[in-house]
Structure formats: structure tokens, C-alpha cells
Amino acid sequence: MTTETLSRSVYPVTSAQGAESESVLAAIVDNEPGVLARVVGLISARGYNIESLTVAEIDFEKHTSRITIVTRGTPAKIEQIKQQLGRLVPVRRVIDVTAEADALERELALVKVVGNGDERIESMRLAQIFRARPIDTTRESFVFEITGARDKINAFIDLMRPLGLTEISRTGVLSIRRGAESD
Amino acid sequence: MTTIAATLKEPEAAAVPAGRSRERATTPKSGAELLLDALEEQGVDVIFGYPGGAVLPIYDALYKRDTIRHVLVRHEQGAVHAAEGYARSTGKVGVVLVTSGPGATNAVTGLADALLDSIPVVCLTGQVARPLIGTDAFQECDTVGITRSCTKYNYLVSSSQKLSSTIHEAFHIARNGRPGPVVVDIPKDVQFEEAVYTARAEARNRNCIVKPDIDDRRITQAVDLMRHARRPILYTGGGVINSGRAASAALRALARETGFPVTSTLMGLGAFPASDPQWLGMLGMHGSFESNSAMHGCDLMIAVGARFDDRVTGRLDAFSPGSKKIHIDIDASSINKNVRVDLGVVGDCGEILEAILEEWRRRNSREEYDFTRTRDWRGQINGWRSKKSFNYRRSETAIKPQYAIERLFALTKNRDVYVTTEVGQHQMWAAQHFHFDEPNRLMTSGGLGTMGYGLPAAIGVQAAHPDALVIDIAGDASVQMTMQEMSTAVQHNLPVKIFILNNAYLGMVRQWQELLHGGRYSQSYSESLPDFVKLAEAYGAVGLRAETPAELDAKILEMIEVDKPVLFDCVVTKEENVFPMIPSGAAHNEMLFGGHDVTGDEISEEGKALV
């Protein structure tokens, strides 16, 4: 049984308008205590999906942080998430990175691969192709640092899996607008 | 972008001598004094509260001043509901002062209530001293954590320098944009710490709470749709009341000049006069046949400050299938949330109604509007009206609850009357049979549905309007949830009238059990109800009881005449149901009516899972 038929909202909801897709949203927020809790609390309380979330201060003078959220939903749901985020008092603005801005996306991942012999050589060779840097080495392991769009990182991880991949750590997606204009 | 100063709806400049405000600005004072200075500057004249360890410095400062009246409640939930009643009947911000820990947690229900009904409330909570935060100190709780999801915004004040500025910002947030509750959590040592006052004019104001500019193109589109409509309806909500009296005036003018029929949610009652021939009555689950039929059959729906709540829409996929929809709301997230609309207009609904009215007149001056467009529609509505869906079987021997409300309305009609309600059957009967011609006259818990709201809310209304007649239309179950506030009413000489429709059941629960669960009345009968007359006397109030229709009028008049709080035990028929009713999971055109034989299978299997 799918989750769709299991979910019992107050009234039968009209069947989803449009297909689900992934969306990257960026929120510029006042960097104050509890702001992350507000954003995360809103997303969980309203039952939205969250695939990754990153946050850091971006302007010390103005005291602002940028929160980048990767979420999934129908176009109507994504629009609701944007509006609900925009309603939070410390949120200054919400940017739909996927839809509005011609934006760059980057993610950083640390990937640990344990192995010997040919597999170890192969992992090093693939890492070079992906421009992943070994940042820690022992006789039977590497830790690679790789930066890129999510697809590239996913592809790298898939290739490393049969070669002794044991551990992954990812930052989640960061985004910025292309060109001279800023958000 | 609109400037902050321009968005302030009610300046509420306090009448404080100039000398005193200068003194405020320069001399360092304790946090408690700064707090009261800020409240004075915000025009606060009454606080609803309950003292405790973590707010003692504030109560000490309050003791020395006579500018702010303090109403001592008996439970912190009551304090918030009283502040809500005050806010809703005046349009001003209600203020609550409670202590840390249990004081704050007891206030949570009231805060959630104010959030769902968009009521401006500022709730000041004490907190343990800063060095103790996070140590599980006595009466410590994570107030900002607990209240984060039931407030519009909340603060933990980290130093007394920030205190007065934070208070001004809290009021700004509470009253502007879509109003709501704001919590300010103040550690006890901040209340002692000295700092210099920050005046309202210099305080930081959040720039996100701005009234969006009106989009003229959308106004033109709206008027286009309105001029072409053959079956239009105005569906109004609490937003019209929150927007202020000008919004009600604009709504009335627009309805008059367009001839469009008007219906309203429970929250919006009174914005449009119930005595007007264009009025269709309340809509939704227990709304009138004509309003729900008109919502279902219209070709243009103009939603003003309403949010397509599930009590209003019923089954969403069958909701008003043939209509174009215009949605006017100050909260952009309300638009397209539950129902897709064709034209969303974001902004203050009073200003937008005025803009639409202006455009309507401009277009009319060029080409006269053709009233015959809606002639058939008016005829159809009159047909629905003739069903008289609020009718009930009358009785000579027992008091029908609907009859009790009818008599209460008839006997108080020409007075300055404010009504609050609890939650349940009596609330719906009040909405059906008590008619409101003015906004801010009905205070009821619409969104959260908080039983126990009405009595403390009535206290708040009475504190704001000492000479008015304030009636809480209550049920025997609801009223017991906050009954202790009778003591507050007596102590503060607030002569509220608690009119209890006593059927000895949790009436709405019983009705649903009858319709949904084969008449198995699980835990919905109240054994051993108190004797409300003796209870009133125990509190030092007046108790009255009516058991027959013959004595009802005289007893109601007696209640009105008494200048003391009254508990009125109106003994009504036990098994009356609220009709008409749209069952769960049904559409607007599938209503149940009174006098109908209940078989127990009115609600589909699917509908039973819904609330």
C-alpha cells in the first residue's frame, strides 16, 4: 500500500496536482537563536519532505544566514513551502533556486574506501577522473574529498561502492546565483 | 517597499506626560520598570495575569503604579483567553503576564487558540535567572521551545538593554500583518538588571511584517470577473474583522452597490449585518442551506479574509465545482493552500475592498452595471431560503436550546451586547440563532475549538467594556473547564452572564456518536453535574435556573438586570442535534436537516475516519 492511500488528512485531499519534483530553496534569515529550529519545526509540523539542509552565517555585519533546503513535492506543495517559510518572522526572503534563479549548486562529500590490490588502484584512478582528492591515506584506505553537483557525487559514490566504500559524509547542497546579480 | 511607520494600524499613542517620557529615556531603571514603561507607551491599560516566583520583580513594579490595571485570573489559560476576548472586542493587543514553568505551559492552549484565530496577544512569561537556564532549575521549562509552534513569534530576552525594544517589536509583530500571539520570555535577573529605556519610535521593527502594496492589475481583473458573474457570492471571514471597522464598512458598501449575496464563516459573523436582506447566514458544516447551496452553485466566489477551512469546504474535490474563485488575504500562504483559486490578491482586506469598490464605481460611471445579470440567481437563493433550514420542532413543555438562544437574542437586542461562546452544540446554535449586526461582538474559538474559552473571554471583554452586557453562551461541559474564573469575575466586579445550555451531555460528542457510532454514547453523559445555582452562590455570584419555556423570559430579564456575575442554568432538551449538517466527507449539496430520522449510517465509511 502506498503512503498516499494511508494518509488520512482531515478531508480527502484532491489527488496531487502535477508530478512530484525536487526543488532547491534558499532562505536568507536573521542569524538569531532558534531560527534553524523554526525552519526545521515548520517543515516537520506541516509534513513536508526534507532531503538536505545546510546553514551558515553569510553576513556578519547584517547578521544574516543562508539556509539551503532540498525538498520534494508537487508544484503546489513547493509553493506552499515557500509561502510558509516566507511567513516566519526571521526569514527575510525565500529564493526558489530551481525555478527562479539560474543557479549553481555544489555539494562536498568525504568518502572512505577500504581495500587492497586492484580495487585500491581502481578507486584511485576513478578519483582522478572525478577530480576527487585523497586527503587521508593508510595502506588499506583512502578518504576522498569530492566537490560538485549532487549527480556527480552520487555517480562517484555508486562507482566506489564495489571498490570497498565504507563511509560517507556529505555537506548537503549549497547554491548561488550565476552572473553579476546577487540574491 | 512600504516603510514600517506607515504600516502601523493603530498608533495607540499613550497619554503620558512629556516630562515622564524624557525621564524614561535617560535614567537607568530595572528591567521590570522598563517593561512597564514599554507597556504604558504601547497604550496597555489592562493585563491579565497570575504571579509566581519568576515574575515577582514585575509584580513589585506593578504594585507601585496605578496606570495599568491587573486582572488576577485563576489559571493561566484563562489569562490568555481573557486577553483574546479583550483583543477581539476592542481591536487592540491583549496582554498576559505569567510566571515560568507551569505558568507558561498552562498558557499554551490559549496561545495556540490565538494563533489559529489570528488574535493579537502579547504574553509575557517569567523565566529562571540566566545562570540557571538549562540546569533544570525549579519551575524552569524551555518556554521558547514549547511555544515556538503555537506563537507567531517568541523571544528569550538576553539582557535588560534589549527588553524595552523587544517589547515594542513584540507588539508590532502581534498587531501587524496577519495578527497573532507573541511570547516574550524574561529571565528573573533581567528583571532586576538596570538599563536605559528605548522608546517605541527608536525600537527595531521587523521589516518582514509589511502590508504588501495593492496590485492594481488584480483589482481590475477582480472587477472584470465581478461584472461578468451571473451567480456571484461574497464569502467573508475573520480577516474582515481583524482588518478593522473600515473593512466592514467597505464590505457593506460593496455588497450594497453590487447586490451580491454575503455569507460568512463563524469567525466573520457581524462584519456584515445579519439583518440585511442580502445576508445568507453562516456557511459550512452547520451553516444555512441557502449559504451552502449558493457556495456550491455560484459561478464567482469572492473569499475575503477567509481561509477555506475544512469546516467550511467539506469535501474538497466537490467544493464549489463550477466557480471562478477570487481570494483576498493578508497572508500569502493562505492563497492556494486548501483550494486552488483563479485570482489571489494579497493585502489588507479592508484596503483591497476599498480599491475594488473604487474600481467598481469607476467602471459603472462608464457603463452602468446590469443588475438583471444576477436576477435569476437572487430568485434561486430566495427559493433556498424558503426552506428555513435553521427551523426546529418547538415544544411547549421543555426548553429547546435553539429557543433559549432566540429568546436571549430577542431580549438583549437593543442593548450594548457582546457574546462569547464555549465550543460545541451551543456554539453552533449561538451562531445560527443569535444575529450580529456589528463586528467585534462575537468572540468564539473557531480554529482550535477550545472548550472553556468563553468564560475567561467574557471576563476580558467585560474588562474592556465595563458598561456593556457581556454574555457567555455556554454548555454544561465546556463551562466546567474554566469554571474557576467565576472567582476572577467576582473579585474584579466583572458582571459577566454565563448562560449555560444544560443538556447534561457533551452534546456535540453525543451528536456525532448518534450519527457515526450507532448511538453508543461512550463517555459523553455527565453524571453528577454540579448544582450551578448553588455553585454561583458559593462563588459569591448569582445563580438562576429556568426549566420551562414559560419562565424563561422572566429569568433572562432577571439575569440582565443583576449587576453581578450570573451563572444561568438553562435546562434544555437532552437529545437535540444541531441541524442542518454537512457530514464529514460530504459536499455542500449533501446536507442533513432537522426532523430527519437518524439511522446511524449517514456518514460514509470513509467519512468516519475524519473529524
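Which residue in strand 7 of chain B stands opposite Tyr153(B)? Val182(B) takes that place. The model is a predicted one.

**The sheet of chain B**

The strands that carry this residue pair are strand 6 and strand 7 of chain B, which pair in the parallel sense over four bridges. Strand 7 of chain B covers residues 181-187. In chain B, six strands make up an open sheet with parallel pairing, and their order is 3-2-4-5-7-6. Strand 3 (69-72) and strand 6 (153-156) of chain B each have a single partner strand, so one side of each has no neighbour in the sheet; these two stand at the edges. On average, neighbouring strands of the sheet are turned by 20 degrees against each other, direction ignored.

**Chain A**

Chain A contains five helices and nine strands. Along the sequence, the elements of chain A follow the pattern α-β-α-β-β-α-β-β-α-β-β-α-β-β. Some overall values for this chain are listed here.

| Property of chain A | Value |
|---|---|
| Span of the C-alpha trace along its principal axes | about 60 × 50 × 30 Å |
| Residues that count as buried, of 183 residues | 25% |
| Contacts joining residues at least 24 apart, among contacts between residues at least 6 apart in sequence | 73% |

Notes
Residues are numbered from 1 along each chain as its sequence is written. Chains are lettered from A and ligands numbered from 1 in the order in which they are written. This is a predicted model: local features need pLDDT of at least 70, side-chain atom pairs count only at pLDDT 80 or more; totals for chains, interfaces and linings use all residues. Two strands pair if DSSP finds at least two bridges between them. Axes are lines fitted to C-alpha atoms, for helices over the stretch in contact, and angles run from 0 to 180 degrees between N-to-C directions. A residue is buried if 20 or more other C-beta atoms lie within 10 Å of its own, exposed if 12 or fewer, and partly exposed in between; C-beta atoms are placed from the backbone. Two residues are in contact if their C-beta atoms, placed from the backbone, lie within 7 Å.
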